[in-house]
Amino acid sequence: MERRKFIGRTALIAFASALGSEIVFGKYLPVGYTPLGLQNPDPFKLFHKDSGMVLLNDKPWNMEAQAHLLDDKITPNKYIFIRNNGLVPENIAIANWTLTIDGESVTQKKTYTLAQLKSKFKQHTYQLTLECGGNGRAEYNPPAKGNQWTIGAIYCAEWTGVRLRDVLEDAGIKNDAVYIGYHAADKHLSRDPEKEPISRGAPMAKALQDETLLAFTMNGADIPLVHGYPLRLVAGGWPASVSGKWVERISIRNKVHDGAKMTGSAYRVPCNPVGPGEKVSEKDMCIIESMPVKSLITYPKTGAMISEGKKINIRGHAWAGELEVLKMEYSIDFGSTWKVCSIEKPVNRLAWQHFSAQVDFPKKGYYEVWSRATDSQGTAQPMLIPGWNPKGYLNNACQRIAIKVS
Ligand SMILES: Nc1nc2c(c(=O)[nH]1)N[C@H]1C(S)=C(S)[C@@H](COP(=O)(O)O)O[C@H]1N2
Ligand SMILES: [Mo]
């Protein structure tokens, strides 16, 4: 008689935590079986997210935060947005997980177990800002296809791992290396094993930065499954799509990586500005690199009511891709005049920065508070929606919150 195969421990733990209770005879669950109680999973429970998060799509899972949920200096998991292009891996056999470094420009193809990565290379911890290239897409007109992110596809977590540079150098980088590209364990929505949902990367200069990590810990614990457990590439300050989750292989390429969503118009914007709705040919589209300067008011919550004569302390975060935010301002008169906020230095390069200001409202009535960050090259956030582009990327317009004084 053929032996039945039972599901692995990781899947069982994930099921039990999603169900919110122990599965008493769980060890007898057959492989590939999903408990009936999870046929219509509650994504907030499934991914340990706050119920104030906003679900944008369930195939694949995509969920964003609201500004006031992002008040913490380091974003806790429950407020971290989820962006998937394919299916979240279900069975992760951590003991068998390996990372392979290969490609045209590797001196010697090498494979490491997680234990080898952790023991062979020095570990580093950085706070790194990850923002989806499409954050703010919902505001563009004519509208762009894709998840209609408003402002919540951004977070800054603390990541621990080894430097990608140390691992690449251990395998050896040939002189003709141009780019790295990641390959991950998530499956294409079609379940076609030949197709990858996403396989992006970065030029060597970004790959070799101190802060570019192969991380195994987020906020002091194992990376949550949906954010890339057990190994994630983290490249702060660039579109978060560069930060491959569930990474199994990194190729050192002798040309710009040509994996899924590296080509065509994916994560590209017109090299030169175009008018709204204009057609742009592929050769005139450029790959997004460093993200633009931006800020977010996380307190108070938009719609707050305050009493006349009371000052309030507004606060939030600002970030500028590879650059630092040097100046932070707010306006209560629709951008006619601006006052300065105090802004902290980043804890490390590529971490978001925290600002605050005491705001005084002259009399009863309706106000909007707008925030505007300026980066170290003197570029400020635009007050209105910036250049339209076919896929709706890089909207870094000033954020606005409503306040009523009564
Ligand atoms: N393997 C893999 N990595 C991935 C993705 C994915 O679908 N699969 N999505 C990318 C995109 S587009 C974004 S914005 C970020 C989202 O990271 P998060 O889910 O931790 O917020 O992961 C990136 N890395
Ligand atoms: Mo993204």
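Q: In which loop does P230 lie?
A: Keep in mind that this is a predicted model. The stretch to look at has strand 11 (221-222) on one side and strand 12 (232-234) on the other. P230 lies in the loop between strand 11 and strand 12.

Q: What is the omega of the peptide bond from Y229 to P230 near?
A: Most peptide bonds are trans. The one from Y229 to P230 is cis. Its omega is near 5°.

Q: Which loop is the place of P300?
A: P300 comes with a cis peptide bond too, the one from Y299, with omega near 0°. On either side of its loop are residues 294-299 and 304-306.

Q: What is phi of N219 near, and where is N219 found?
A: Most residues other than glycine have a negative phi. N219 has a positive value, and N219 isn't a glycine. N219 is found in the loop between strand 10 (213-218) and strand 11, and its phi is near 50°.

Q: Which side chain has an N or O atom 2.7 Å from an oxygen atom of ligand 1?
A: Start with the residues that come nearest to ligand 1: F81, N85, D186, H227 and K245. R232 also reaches an oxygen atom of ligand 1 with a side-chain N or O atom, but there the distance is 2.8 Å. The side chain at 2.7 Å belongs to H227.

Q: Where does ligand 1 sit, and how many residues of its shell are nonpolar?
A: Ligand 1 sits in the largest cavity. Strand 3 (82-83) and strand 8 (179-184) each supply at least two residues of the shell. Six residues of that shell are polar and four are charged, and the nonpolar ones number ten.

Q: Why is the pair of W319 and W352 tilted?
A: The structure holds nine aromatic pairs, and W319 with W352 is one of them, with ring centres 5.9 Å apart. This pair links distant parts of the chain, 33 residues apart: W319 is in strand 18 (residues 312-319) and W352 in the loop between strand 21 (342-343) and strand 22 (353-359). The pair is tilted because the ring planes are at 40°.

Technical notes:
Residues are numbered from 1 along each chain as its sequence is written. Chains are lettered from A and ligands numbered from 1 in the order in which they are written. This is a predicted model: local features need pLDDT of at least 70, side-chain atom pairs count only at pLDDT 80 or more; totals for chains, interfaces and linings use all residues. Side-chain values use heavy atoms; hydrogens and water are left out. A residue is near a molecule or strand if one of its heavy atoms lies within 4 Å of it. A polar contact is a pair of N or O atoms within 3.5 Å; within protein, one must be able to donate a hydrogen and the other to accept it, and residues adjacent in sequence count only if both atoms are side-chain atoms. On a 1 Å grid over the protein atoms alone, a cavity is a set of points where a 1.4 Å probe fits but cannot get out, and a pocket is an open set with protein on both sides within 12 Å along at least five of seven lines; lining residues have an atom within 4 Å of a point. A molecule sits in a cavity or pocket if more than half of its atoms lie within 2 Å of its grid points. Helices (H or I, at least four residues) and strands (E, at least two) are DSSP runs, numbered from the N terminus. Ala, Val, Leu, Ile, Met, Phe, Trp, Tyr, Cys and Pro count as nonpolar, Asp, Glu, Lys and Arg as charged, and the others, Gly among them, as polar. Rings of Phe, Tyr and Trp (its six-membered ring) pair if their centres lie within 6.5 Å; planes under 30 degrees apart count as stacked, over 60 as edge-to-face and the rest as tilted.
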